[in-house]
Structures are given as C-alpha cells and as structure tokens.
Amino acid sequence: MNPNLDPGELAHPDARLGEVLRIAAFDDAGQGGNPAGVWIGAALPPAAEMQRLAHAVGFSETAFAAREGEGWRVRYFSPESEVPFCGHATIALGAALARAEGDGRFPLQLNAAAITVEGRCEGERVQAALQSPPTRSRPAPPELVERALDLFGYTRADLDPRIPPALAHAGADHLVLALNSRAALAAMAYELEAGRAFMQEHGLVTVVLAWAEHAQLFHTRNPFASGGVYEDAATGAGTAALAGYLRDLGWPHGGAIDVIQGEDMGMRSRLRAEFGDTPGGSVRVSGTARMMPLC
C-alpha cells in the first residue's frame with residue numbers, strides 16, 4: 001500500500017481494513033509490466049472513497065471488487081476518474097483472486113458489461129487472461145485525426161496507410177493511430193494538460209499508438225491523459241480494442257496478435273490477444289502478473 005495513505009481517513013469499514021495489493025500485470029519474464037492496485041472486500045465502498053483511495057495509491061488504475069452472487073462486482077478508478085473497463089487491472093485482479101480462491105475462471109460484473117478473468121498460479125507469478133466486452137470500430141473523423149496529430153507532433157506522413165485511423169471500443173473508447181516506423185512511435189511526446197482536454201472532449205480513455213513490426217506483432221504506446229497519467233505501460237483494454245479493429249479491417253491477424261508495450265518507458269510489457277472472425281466478438285487478452293512489494 002502507498003506509505004502516504006492513511007487508511008483511517010476512509011469511513012467505510014472494509015476500506016479501512018482492506019489491503020490494497022500491488023500487482024504488475026503483463027510483465028515480461030518477471031520484469032516490467034504495468035502496476036495496478038487491487039482492493040477486495042465484502043462490499044464496495046462509496047464511489048468517492050474508491051476515488052480517494054485510487055488517488056492515494058497513485059497507479060494508473062485500481063480495481064475494486066466485492067463478491068456478488070456467483071461472481072464479483074468490479075469498478076475501476078484512475079487517480080482522477082472512474083473508467084468503465086481496465087485490462088491490466090483486470091489481469092491483476094485475476095491474479096489476486098487466483099491466489100486467494102485458487103485457480104479458476106471468475107465472472108466479473110462491470111458497470112456496463114459482464115466479463116470473465118482467469119488466473120492460474122505458477123509460483124510467485126500468475127498466468128491470467130480476460131475476455132473483453134464486445135468490440136466495435138469505425139473510421140475516425142478527419143478533424144479528430146488532425147487534432148490528435150497536432151497534439152503528438154505527427155503528420156499524416158507518419159501514419160501507416162494500411163491501418164487507417166479509427167475509433168475502437170472494447171469496454172472503453174480509444175483512438176487508434178497506426179504509425180509507419182518504430183522511430184515515430186519512440187518519438188511520441190505531448191503536453192499532459194492538452195492531452196487531458198483533448199481526450200475528455202472526445203470521450204477517449206486512451207489513444208493507441210501502434211507500429212506493426214509484422215502482421216502479428218505490434219509495438220504500442222498508450223497516452224492516458226484522461227486519467228491523469230502520461231502513459232500506460234500495458235493496456236489490456238486498448239489491446240482488445242486494437243485487435244477488434246484489426247478484425248473489422250480484415251487484417252491478416254491469423255487469430256492472434258502479440259503486443260510489446262512500455263519499452264520506451266523502461267517497463268517492457270507483453271500482451272497477447274486472441275480472437276475469432278465474428279464481428280463484435282470478445283477478445284481474449286492474456287499475460288502474466290507478479291506480486292509487488294507493499295511499500
């Protein structure tokens with residue numbers, strides 16, 4: 001738990017007693033990955049208290065879960081706002097549930113979707129996989145694309161014409177911009193406040209910047225200014241949205257793509273997305289997770 005957090009400030013009994021686990025999701029051979037907070041209790045605290053706790057924890061997202069029927073009720077909070085779905089925090093939650101409940105598949109009820117997460121313990125690490133909410137995509141309006149290019153310092157000459165800009169959804173909305181070189185991806189830079197205003201104005205949770213090394217291997221970066229975070233090291237929701245868009249586009253994905261993310265942050269992460277040909281179908285996003293120190 002964040003050492004600056006005073007649990008006594010929280011009025012909800014479970015929030016005072018609950019321990020926020022720190023779990024790095026989508027790590028790469030025991031290194032890197034994206035840290036997420038996981039809180040599990042008998043009942044969810046009020047939204048204001050979940051928001052306050054997520055802000056104090058300071059990770060890009062914290063997942064809050066409470067048992068509900070045969071599954072779990074789950075909500076996700078960034079340091080500044082609630083988000084409808086977060087992939088890496090779901091993987092972290094799957095790891096926490098597998099360690100607490102044993103290996104298995106766990107039904108999750110989100111604010112606007114029902115999904116599942118699997119967890120299988122392998123020593124100190126956990127193999128985990130989520131089934132995303134349904135996917136959809138559509139071409140991005142030209143004026144939105146121009147604003148995004150200006151924000152990140154790109155021009156249309158930096159884009160990969162094989163993967164046109166799109167708005168993609170897999171539980172949350174993302175703008176997908178495919179770049180034509182690894183160097184362009186590495187050069188990504190923007191002003192956080194300008195990015196926050198842009199994403200909030202257009203209802204975007206992240207922007208997925210992607211470069212295709214080949215048809216089944218992508219390198220990505222995910223600015224998350226809408227949540228007060230400059231960049232996410234591994235974004236399961238964005239990966240699911242990208243995969244759904246590639247399926248809609250008729251990309252030669254062969255049923256799966258691998259994604260390397262976080263490399264430019266020094267937090268290399270690996271994600272795998274598997275999906276069929278049915279339009280709108282769920283995407284399976286998998287990876288490993290490792291426990292982190294509590295302080």
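How many cavities of 30 Å³ or more does the structure hold? In this predicted model, the answer is 1 cavity. Let's start our walk there.

The largest cavity contains about 70 Å³ of space. Its lining is made of 13 residues, and those nearest the centre are Glu 61, Cys 86, Asp 232, Thr 235 and Ala 237. If you sort the lining of this cavity by class, you will find 6 nonpolar, 5 polar and 2 charged residues.

Next, let's visit the largest pocket. About 180 Å³ of space lies within the largest pocket. Among the 13 residues lining it, Pro 84, Gly 203, Leu 204, Val 205 and Ser 226 are the closest to its centre. By class, the lining of the largest pocket consists of 6 nonpolar, 5 polar and 2 charged residues.

Is Gly 104 buried, partly exposed or exposed? Gly 104 counts as partly exposed because its relative accessibility is 28%, and that class covers values between the 20% limit for buried and the 50% limit for exposed. Setting aside neighbours within four places in sequence, Gly 104 is in contact with Val 117, Glu 118 and Gly 119. For a view across the model, look from Gly 104 to Val 283: they are 179 residues apart in sequence, and their C-alpha atoms are 19 Å apart in space.

Key:
Residues numbered from 1 in each chain as written. Predicted model: local features only at pLDDT ≥ 70, side-chain atom pairs only at ≥ 80, totals over all residues. Heavy atoms only, no water. 1 Å grid on protein atoms, 1.4 Å probe; cavity = no way out; pocket = protein on both sides within 12 Å on 5 of 7 lines; lining within 4 Å. Points joined across faces, edges and corners; volume = space filled by probe spheres on them. Nonpolar A, V, L, I, M, F, W, Y, C, P; charged D, E, K, R; others polar. Buried < 20%, exposed > 50% of the residue type's maximum accessible area, 1.4 Å probe, protein only. Contact = heavy atoms within 4.5 Å.
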